[in-house]
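Subject: Structure for you to look at

Dear colleague,

Here is the structure I said I would pass on. My notes on what was found in it follow below.

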Amino acid sequence: MKTDDKQKQLEDFVLNHYQQGKLDTQKALRNVRERLQQREGQRQEVRIVPLWQRLRHIAAAVVLVLVMVSAYAIYRSNANHQSPSATTPQPTAITQPSQPKSFHFDNTPINQVLAELDAYYDLQLSASDTTKHLSGDFEAESPEMLIDMIEQTLGIEVKRSE
């Protein structure tokens, strides 16, 4: 504050709180001035940072956050889209989907069962006895496992033709 403003405040304070015959105005003004001088002596020096320096620090923080978010996005993008050669499984005798498929049959003729397996696994299957029917829920990681289960359940032989 400027000195004139302080003086005006002091005078306003004294005039607002002055009561006739209760207070010596000169003494009151001196007391208030002394208190203000004591407070000013106790104040620590405050460092004022210019606005352009504050903005520079804020801009640096924003750039840092953007770099971190971009790096994370690139990391996630690379994790989700790896090169095909890195994720391609080694060829097996029969190409199979990565997730096991569940098959549900309810008194289904074996020819229809084999046709469904043919369509899903891209195989050419035939049964030694086509009069059998199959009921049940089957889940297998490979078509060979499923064919073995069908053969054991129905007592038939399932043949693959190329």
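Leaving aside its neighbours within four places in sequence, which residues is Ile150 in contact with? There are six names to look up: Ile110, Val113, Leu117, Leu134, Gly155 and Val158. Please keep in mind while checking them that this is a predicted model.

Overall layout

The protein chain has 162 residues, of which 19% count as buried. It contains 6 helices and 4 strands. Read from the N terminus, the order of the elements is α-α-α-α-β-α-β-β-α-β. If contacts in the chain are taken between residues at least 6 apart in sequence, 54% of them join residues at least 24 apart.

As background, nonpolar side chains tend to be buried together in soluble globular proteins.

Salt bridges

How many salt bridges does the structure hold? The count is 2.

One of them joins Lys8 and Asp12, with 3.3 Å between the closest N and O atoms. Both residues belong to helix H1 (residues 3–17), and because they are 4 residues apart there, about one helical turn separates them. Lys8 has a relative accessible area of 47% and is partly exposed. Asp12 is also partly exposed, at 33% relative accessibility.

The other pairs Glu144 with Arg160, the closest N and O atoms being 3.9 Å apart. Glu144 counts as partly exposed at 35% relative accessibility, and Arg160 counts as partly exposed at 37%.

The 3.9 Å distance for Glu144 and Arg160 is worth checking by eye, because the cut-off for a salt bridge is 4 Å.

The largest pocket

The volume of the largest pocket is about 290 Å³. It is lined by 12 residues, and the closest to its centre are Leu10, Phe13, Ala28, Val32 and Arg35. Which helices each supply at least two residues of the lining? They are H1 and helix H2 (25–42). H2 gives the largest share, 6 residues. By type, the lining divides into 7 nonpolar, 3 polar and 2 charged residues.

Arg33 is another residue of helix H2. At 32% relative accessibility, Arg33 counts as partly exposed. Apart from neighbours within four places in sequence, Arg33 is in contact with Gln7 and Leu10. Arg33 and Leu10 are 23 residues apart in sequence, and their C-alpha atoms are 7.7 Å apart in space. Leu10 is also among the residues closest to the centre of the largest pocket.

Backbone points to check

Asn107 has a phi of about 50 degrees. This residue lies in strand E1 and is exposed, with a relative accessible area of 52%.

For Asp122, phi is near 60 degrees. Asp122 is in the loop between H5 and E2. With a relative accessible area of 67%, Asp122 is exposed.

Best regards

Key. Residues numbered from 1 in each chain as written. Predicted model: local features only at pLDDT ≥ 70, side-chain atom pairs only at ≥ 80, totals over all residues. Heavy atoms only, no water. Salt bridge = Lys/Arg side-chain N within 4 Å of Asp/Glu carboxyl O. Buried < 20%, exposed > 50% of the residue type's maximum accessible area, 1.4 Å probe, protein only. Contact = heavy atoms within 4.5 Å. 1 Å grid on protein atoms, 1.4 Å probe; cavity = no way out; pocket = protein on both sides within 12 Å on 5 of 7 lines; lining within 4 Å. Points joined across faces, edges and corners; volume = space filled by probe spheres on them. Nonpolar A, V, L, I, M, F, W, Y, C, P; charged D, E, K, R; others polar.
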